[in-house]
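Visitor: I have a model open on my screen and would like to understand the words used for it. Could you walk me through them?

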Amino acid sequence: METALHLSQVTLEYPDGEGILRALDGVSLDLRRGEFVSLVGPSGSGKSSLLAVAATLVRPTAGSVAVAGQDAGSLTEAGRTALRRDSIGIIFQQPNLLPSLTAVEQLLVAAHLRAEPLGDARRKAAGLLGRVGLASVLDKRPHQLSGGQRQRVNIARALMASPAVLLVDEPTAALDRGRSEEIVRLLREVTDEFGVATLMVTHDTGLVSFTDAVATMRDGRLTAGVHADAR
Ligand code: ADP
Ligand code: MG
């Protein structure tokens, strides 16, 4: 399978008083389509920083990031925005749904930005919401949905562009055990069905059994798991 996400020797430094804080320190990672990898490690070890760099939201101090074969470092800001819009699905702990929009409309916002024909986008949105178990609540607004249902809308929305990569940061932190397992099981299924490469940060070691591999971060380094060229 094609490499969907390629990180090579990524270092990310933040100014820190007189000195610098190295949030990422030479991280290399390859994910292929259909692969689901969990990312674990103590608080402050750099997990969210790694997702932000992989999402091309933050430029690394050194090293390279390629998504769907496109080298993010060689793109303009507009090019990176287009790459995110077309190739990267982002799922954070809080779904960040727009309060006034229905479930279907949440998915149509990005399609509108991509200038997709509305009829096609509506059909695709309804299909995706059906796939994540929300066929009966297409026209409900966020306050009418449960926490688990809101996270499912979030997942369906992230899949709207048919991305190559899904980046997921602690998707179950606000959910109970049963709901958490359902969400990760769903992420496993859509990773397989849509052939997306999924990288999920979690602190819940009970959930990693649904994934193909576990990468462990410590002090900005990947200490175990899936390094570039390891497979
Ligand atoms: P994790 O997600 O594993 O808890 P983070 O990636 O959020 O870790 O943070 C890694 C390190 O980088 C921490 O020391 C954190 O304080 C620091 N850090 C994260 N974001 C910023 C930022 N925007 N500015 C400065 N330091 C940051
Ligand atoms: Mg974090």
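This is a predicted model: local features need pLDDT of at least 70, side-chain atom pairs count only at pLDDT 80 or more; totals for chains, interfaces and linings use all residues.

Visitor: Why is the pair of Arg177 and Glu181 called a salt bridge?

Guide: The N to O distance between their side chains is 3.9 Å. The cut-off is within 4 Å, so the pair qualifies. Arg177 and Glu181 are 4 residues apart in helix 6, about one helical turn. Arg177 is partly exposed too, at 43%.

Visitor: How do you know that Asp25 is buried?

Guide: Its relative accessible area is 18%. Buried means under 20%, so Asp25 passes. Its salt-bridge partner Arg221, with closest N and O atoms 3.1 Å away, is partly exposed at 46%.

Visitor: What makes Asp25 and Arg221 a link between distant parts of the chain?

Guide: Asp25 sits in strand 2 and Arg221 in strand 10, 196 residues apart. Both also belong to a network of salt bridges with shared partners, together with Glu13 and Arg22.

Visitor: How do you know that the side chain of Lys47 makes a polar contact with ligand 1?

Guide: An N or O atom of that side chain is 2.8 Å from an oxygen atom of ligand 1. On the backbone side, Gly46 has an N or O atom 3.1 Å from a ligand 1 oxygen, and for Ser45 the distance is 3.2 Å. The protein buries 59% of the 560 Å² that ligand 1 exposes when taken alone.

Technical notes:
Residues are numbered from 1 along each chain as its sequence is written. Chains are lettered from A and ligands numbered from 1 in the order in which they are written. Side-chain values use heavy atoms; hydrogens and water are left out. A polar contact is a pair of N or O atoms within 3.5 Å; within protein, one must be able to donate a hydrogen and the other to accept it, and residues adjacent in sequence count only if both atoms are side-chain atoms. Accessible areas come from the Shrake-Rupley method with a 1.4 Å probe; for residues, only the protein chains shown count as cover. Helices (H or I, at least four residues) and strands (E, at least two) are DSSP runs, numbered from the N terminus. Buried means under 20% relative accessible area, exposed over 50%, partly exposed in between (1.4 Å probe, protein chains only).
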